Amino acid sequence: MNSEASQIDRADAGAAPVVTDVVSRKPVSIELRDIVQEFPVHGGGSLRVIDGISLSLDRPEIVMLLGPSGCGKSTLLHMMGGVRPIGIRSPTSGQVSIDGVACDGAHDDAVMVFQRYANRPDLSVRDNVAFPFRLRHWRDKVPRAEAEQRVDAMLEAVGLGGHRRHRPAQLSGGQNQRVALARALVLQPRILLMDEPFGALDAQTRGDMQTLLHTLHRNNPCLIVFVTHDVTEALMLGDRVVVLSTQPARIADDFRIVEPRPRSSAWQRSSEAVAMEERILDQLHNRSAGRGTLSVTI
Ligand SMILES: Nc1ncnc2c1ncn2[C@@H]1O[C@H](COP(=O)(O)OP(=O)(O)O)[C@@H](O)[C@H]1O
Ligand SMILES: [Mg+2]
């Protein structure tokens, strides 16, 4: 890591004001403090996967989380979503707070989207999107008429208005991921946690989904934490990029991208974007950068 640049980045990030979610007018923040995660190892002992991560996410923006395979990205994201591995204390030590309140379970404001869609094959597209409202918890919170209206509006917003009666098997991978995204967004979460959501899609479809996510976020900003292993995806979507080191994961880099979205392919080829790409790849491949201070603005 370029420690000088990172120190500047972190100092500036720390000085940033808490920004208010424009929809709910409530502040939105996730705070990870000294997070350590260890997993028991077969035959005894334990494996330290996350080694003291502290991170403040305090704006309704898109934060890209990158890191080598197996470094602990999903583990960290699950922690933010209150998804705990069965029979294992998580985190081993440290604390996750949402909006300043310690959080050790599922949280209504944080909803997850996975690469494998998790769509029910026996339900129509519309019923899949409406599925959370079958749960008593959400039925009690959202009046039926409002839930119906949200589902219909979200089907249109993700471009599935004409597919509402179809089953997931009749849809493409991209369309299935739109269903999963819609199901998350009907809950109007202030925090959306996405674990390599477009990783199984072809390049063209992935680009379309990135554009869709940008549009949905612009129209309805929330804090998105987006795990990816795709550096281009991080550069095209991220307001902020957090790079984790190899296991045990620590924060290897943390910087902002100020270029407005949608970002053009010309910007992607610019010296600024190329420098950021190199900076990320240096960390992912554990290369010693030695490139001096990068002109990345925070
Ligand atoms: N429930 C678990 N029990 C034991 N080891 C686990 C468990 N969950 C994750 N791990 C281990 O933790 C490491 C990080 O996993 P993960 O967070 O899925 O990585 P990533 O998403 O970065 O690829 C891996 O070595 C994985 O095998
Ligand atoms: Mg993962």
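Helices H6 and H7 are roughly parallel to each other, because angles under 35 degrees count as roughly parallel and the axes of H6 and H7 cross at roughly 20 degrees. The structure described here is a predicted model. On the H6 side, the contact is made by Gly-173, Gly-174, Gln-177 and Leu-185. On the H7 side, Thr-205, Asp-208, Met-209 and Leu-216 take part.

For Ala-182, the contacts were listed with its neighbours within four places in sequence left aside. On that basis, Ala-182 is in contact with Val-129, Met-154, Leu-155, Val-158 and Leu-160.

Helix H5 spans residues 144–157, and Asp-152 lies in this helix. Asp-152 has 16 other C-beta atoms within 10 Å. A residue is buried if 20 or more such atoms lie within that distance and exposed if 12 or fewer do, so Asp-152 is partly exposed. Asp-152 and Val-186 are 34 residues apart along the chain, and their C-alpha atoms are separated by 9.4 Å.

For the protein chain as a whole, the model contains ten helices and ten strands. The chain has 298 residues, of which 36% count as buried. Contacts between residues at least 6 apart in sequence were also examined. Among these contacts, 73% join residues at least 24 apart.

The mean pLDDT is 88, and 87% of the residues reach 70 or more. Over residues 1–25, however, the pLDDT is below 50. Beyond near neighbours in sequence, the stretch of residues 1–25 has 42 contacts in the model. The pLDDT is also below 50 over residues 289–298, and this stretch has 23 contacts beyond near neighbours in sequence. Where pLDDT is low, the predicted coordinates should not be read in detail.

Notes. Residues are numbered from 1 along each chain as its sequence is written. Chains are lettered from A and ligands numbered from 1 in the order in which they are written. This is a predicted model: local features need pLDDT of at least 70, side-chain atom pairs count only at pLDDT 80 or more; totals for chains, interfaces and linings use all residues. pLDDT is the predictor's confidence in each residue, from 0 to 100. Two residues are in contact if their C-beta atoms, placed from the backbone, lie within 7 Å. Axes are lines fitted to C-alpha atoms, for helices over the stretch in contact, and angles run from 0 to 180 degrees between N-to-C directions. Helices (H or I, at least four residues) and strands (E, at least two) are DSSP runs, numbered from the N terminus. Angles under 35 degrees count as roughly parallel, over 145 as roughly antiparallel, 65 to 115 as roughly perpendicular and the rest as oblique.
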